[in-house]
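Biologist: Hi, could you walk me through this one? I'd like to go through some contacts and helix packing with you.

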Amino acid sequence: MTEDAAQEQEGLEPQGEARALRVVLLSGVSGSGKSIALNSLEDAGYYCVDNLPSQLLDDLLRVARQAGYRRLAVAMDARGGEGLTLLPALVRQLRRQCELQFIYLDCSTETLLQRFSETRRAHPLTARLGDKARGAPGRPAAASAPALIEAIELERELLAPVAGLGLHIDTSGLRPAQLRAWVRQAVQLRASRITLLFESFAFKHGVALDADFVFDVRMLPNPHYDPMLRPLSGRDAPVADFLRAQPAVMRMLGDIRDFLSTWLPAMAEDQRSYVVVAIGCTGGQHRSVFLAEELGSHFSTQHSVLVRHRELDATGAQRPPGA
């Protein structure tokens, strides 16, 4: 391995190259998978810092530039205290100085309760709730369910000002491997004024929490009732051919496409960085997957685009739009 290649792997700036510092800011609720996401970025060559107070971000960036780092990932959340209120202004400032991406991880309260129960770890904010949420001195214990819910709600309130600063990912039903893939896919996007994320999901497993727009396509003809198509997905040619032959499906596709084409310029003018479009059908396998793929392929010529399928197996869900 050459010296430049070694530096590239460590996130350092190769000698003789002057590239802008690339920064990923990661935030979200405790238990949503920030550690998994940060580890994924570290594996991708980012120099990673966890639990950094907002007041120290400028100092960290200065040191990173002086040290020659090219890629930096920083996790900042409610553990940073009152400094979190500074983050929106810092993000606006940084977007003028470097290539910046902001990723916010969210999760349903039900899933968070299950995760904290399984790990037996105390919520970082339980100490603020009084003695009833604490364990024995020196041995933090898992909080009771009511105290844990209170801590989760307090954290959501503290994080509300930063939740809309960038890409919003709901990790409720995600496996660790799928979250790692989604995060790495997100940071590989080319620079763009606005990023579109098309997500298919199943209504029977709940509406996507991270959506800006939700389209219900359960009224469309369903390939599930064809025994030959049932085991396939909307990414497979036989299912796609079946759906393209349905006038109602193509009308729905055109309506969604026209709606987004009409309003995306206004959202970009409103300084929106990410727009999440969720498309739901009954099982999240055929109709919603097909429409998400078609929309992703169409808009990928004009914008940065991500396509993800919440209900599909993680190993097959991350092909580029139109693949």
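Modeller: Happy to! First a term: contact means heavy atoms within 4.5 Å. The model is predicted, so to speak of local features we need pLDDT of at least 70, side-chain atom pairs count only at pLDDT 80 or more, and totals for chains, interfaces and linings use all residues. Residues are numbered from 1 along each chain as its sequence is written, and side-chain values use heavy atoms, with hydrogens and water left out.

Biologist: Great. Which residues is Val-162 in contact with, leaving aside neighbours within four places in sequence?

Modeller: Ser-27, Leu-84, Leu-87, Pro-88, Phe-102 and Tyr-104.

Biologist: Is Val-162 buried or exposed?

Modeller: Buried, because its relative accessible area is 0%. Buried means under 20% relative accessible area, exposed over 50%, and partly exposed in between, using a 1.4 Å probe and protein chains only.

Biologist: Which residues touch the most other members of the largest nonpolar core?

Modeller: Leu-25, Leu-57, Val-74, Leu-87, Phe-102 and Val-162, out of 34 residues in that core. A nonpolar core is a set of buried Ala, Val, Leu, Ile, Met, Phe, Trp, Tyr and Cys residues joined through side-chain atoms within 4.5 Å. At least two residues each come from strand E1 (22–28), H3, strand E3 (71–75), H4, E4, helix H5 (109–119) and H6. There is also a second, separate core of 29 residues, with Leu-229, Ala-268, Ile-279 and Val-305 among them.

Biologist: What does Phe-102 touch, not counting residues up to four places away?

Modeller: Its partners include Leu-25, Ser-27, Leu-87, Val-91, Val-162 and Tyr-274.

Biologist: Switching to helices: how do H3 and H4 pack?

Modeller: Helix H3 (residues 57–67) and helix H4 (residues 87–94) pack at about 30°, with axes 11 Å apart. Axes are lines fitted to C-alpha atoms, for helices over the stretch in contact, and angles run from 0 to 180 degrees between N-to-C directions. H3 and H4 are therefore roughly parallel. Angles under 35 degrees count as roughly parallel, over 145 as roughly antiparallel, 65 to 115 as roughly perpendicular and the rest as oblique.

Biologist: Which residues meet there, in H3 and H4?

Modeller: From H3, Leu-57, Asp-58 and Leu-61 meet Leu-90, Gln-93 and Leu-94 of H4.

Biologist: And how do H8 and H10 pack?

Modeller: At about 85°, with the axes of H8 and helix H10 (residues 287–299) 10 Å apart, so these two are roughly perpendicular to each other. Ala-240, Leu-243 and Arg-244 in H8 meet Arg-287, Phe-290 and Glu-294 in H10.

Biologist: What about Arg-235, where is that found?

Modeller: Arg-235 sits in the loop between strand E7 (213–216) and helix H8 (237–244), and counts as buried at 14% relative accessibility. Its side chain is joined to that of Glu-293 by a polar contact of 3.2 Å. A polar contact is a pair of N or O atoms within 3.5 Å; within protein, one must be able to donate a hydrogen and the other to accept it, and residues adjacent in sequence count only if both atoms are side-chain atoms.

How values were computed. Helices (H or I, at least four residues) and strands (E, at least two) are DSSP runs, numbered from the N terminus.
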